[in-house]
Amino acid sequence: MTNNDVFRRLRYALNLNTQAVIEAFRLSDMKMGQADITSLVKKEEEEGFRECSDEVLEAFLDGLIAIKRGKREGEASTSIPAQLTNNDILKKIRIALTLKEDEMLAIFKLAKFPVSKPELSAVFRANGHENYKPCGDQMLRNFLKGLTMKYRDGVQQ
């Protein structure tokens, strides 16, 4: 699953218009215009496609957190990790939407991708912890699918 896929699916699931996306980038101190956003949502084979780097996706996710929860005062920009992992993406979505464990499990269930509490907590452990589990593409894809069902389609459990 590419960063562009995550960007497209999350934007769709949360029904974010271009202005909201531009605002998210602005709040994370990254200047992006309408043309930039359009190029990120295009498919690879389309003319004008732009690959969404880890830095761009992280700026969007951080901006989303700022929109949904407010920007922390006096907070300096966080350092960019060497590589943005699916675990990082899932964690940032969880923070932005203030999702509790049970809500996340319900979202996975909506997508018909049941996850146990221990599996979910393993994904949020620090890398290197003995119970850490990497979040695979299938898990992230199904979470985004469940988000779409919950927030866009209004499906309740």
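Which residues does Asn87 touch, not counting residues up to four places away in sequence?

1. Asn87 touches Val123, Tyr132, Lys133, Pro134 and Cys135, where contact means heavy atoms within 4.5 Å. Asn87 belongs to helix α5; helices here are DSSP runs of H or I with at least four residues, strands are runs of E with at least two, and both are numbered from the N terminus. The residue is buried, with a relative accessible area of 4%, on a scale in which buried means under 20%, exposed over 50% and partly exposed in between, for a 1.4 Å probe and protein chains only. A polar atom of the Asn87 side chain lies 2.9 Å from the backbone oxygen of Val123.

2. On the basis of these notes: this is a predicted model, in which local features need pLDDT of at least 70 and side-chain atom pairs count only at pLDDT 80 or more, while totals for chains, interfaces and linings use all residues. Residues are numbered from 1 along each chain as its sequence is written, and side-chain values use heavy atoms, with hydrogens and water left out.

3. The largest nonpolar core has 44 residues, of which Phe25 and Phe60 touch the most other members; such a core is a set of buried Ala, Val, Leu, Ile, Met, Phe, Trp, Tyr and Cys residues joined through side-chain atoms within 4.5 Å. Two or more residues of this core come from each of α1 (3-13), α2 (18-27), α3 (34-41), α4 (54-69), α5 (86-96), α6 (101-110), α7 (117-123) and α8 (137-152). The largest share, seven residues, is given by α4. Leaving aside residues up to four places away in sequence, Phe25 touches Phe7, Met30, Met32, Ile37, Leu40, Val56, Ala59 and Phe60.

4. Five aromatic pairs are counted, under the rule that rings of Phe, Tyr and Trp (its six-membered ring) pair if their centres lie within 6.5 Å, with planes under 30 degrees apart taken as stacked, over 60 as edge-to-face and the rest as tilted. Phe7 and Phe60 make an edge-to-face pair, at 4.9 Å centre to centre and with 70° between the planes. Because Phe7 lies in helix α1 and Phe60 in helix α4, this pair ties together parts that are 53 residues apart in sequence. Phe25 and Phe60 make a tilted pair, at 5.8 Å centre to centre and with 40° between the planes, and this pair links helix α2, which holds Phe25, to helix α4, which holds Phe60, across 35 residues. Phe7 and Phe60 are both buried, Phe25 is buried as well, and ring pairs link Phe7, Phe25 and Phe60 into a cluster.

5. In α6, the residues Met104, Leu105, Ile107, Phe108 and Leu110 are buried, and the buried residues of this helix pack against α5, α7 and α8. After α6 comes Lys112, with a positive phi near 55°.

6. Two charges sit over rings, by the criterion that NZ of Lys or CZ of Arg is within 6 Å of the ring centre and within 35 degrees of the ring normal. The charged end of Arg94 lies over the ring of Phe124, 4.5 Å from its centre, and that of Lys150 over the ring of Tyr151, 5.7 Å from its centre.

7. Zero disulfides are counted, a disulfide being a pair of cysteine sulfur atoms within 2.5 Å. Cys52 is in no disulfide, and its nearest cysteine sulfur, that of Cys135, is 17 Å away. Cys52 is buried at 3% relative accessible area, and Cys135 is buried at 5%.

8. Asn15, in the loop between α1 and α2, has a positive phi near 55° and counts as exposed at 54% relative accessibility. Thr98, in the loop between α5 and α6, has a positive phi near 45° and is partly exposed, with a relative accessible area of 43%.

Terms used:
A polar contact is a pair of N or O atoms within 3.5 Å; within protein, one must be able to donate a hydrogen and the other to accept it, and residues adjacent in sequence count only if both atoms are side-chain atoms.
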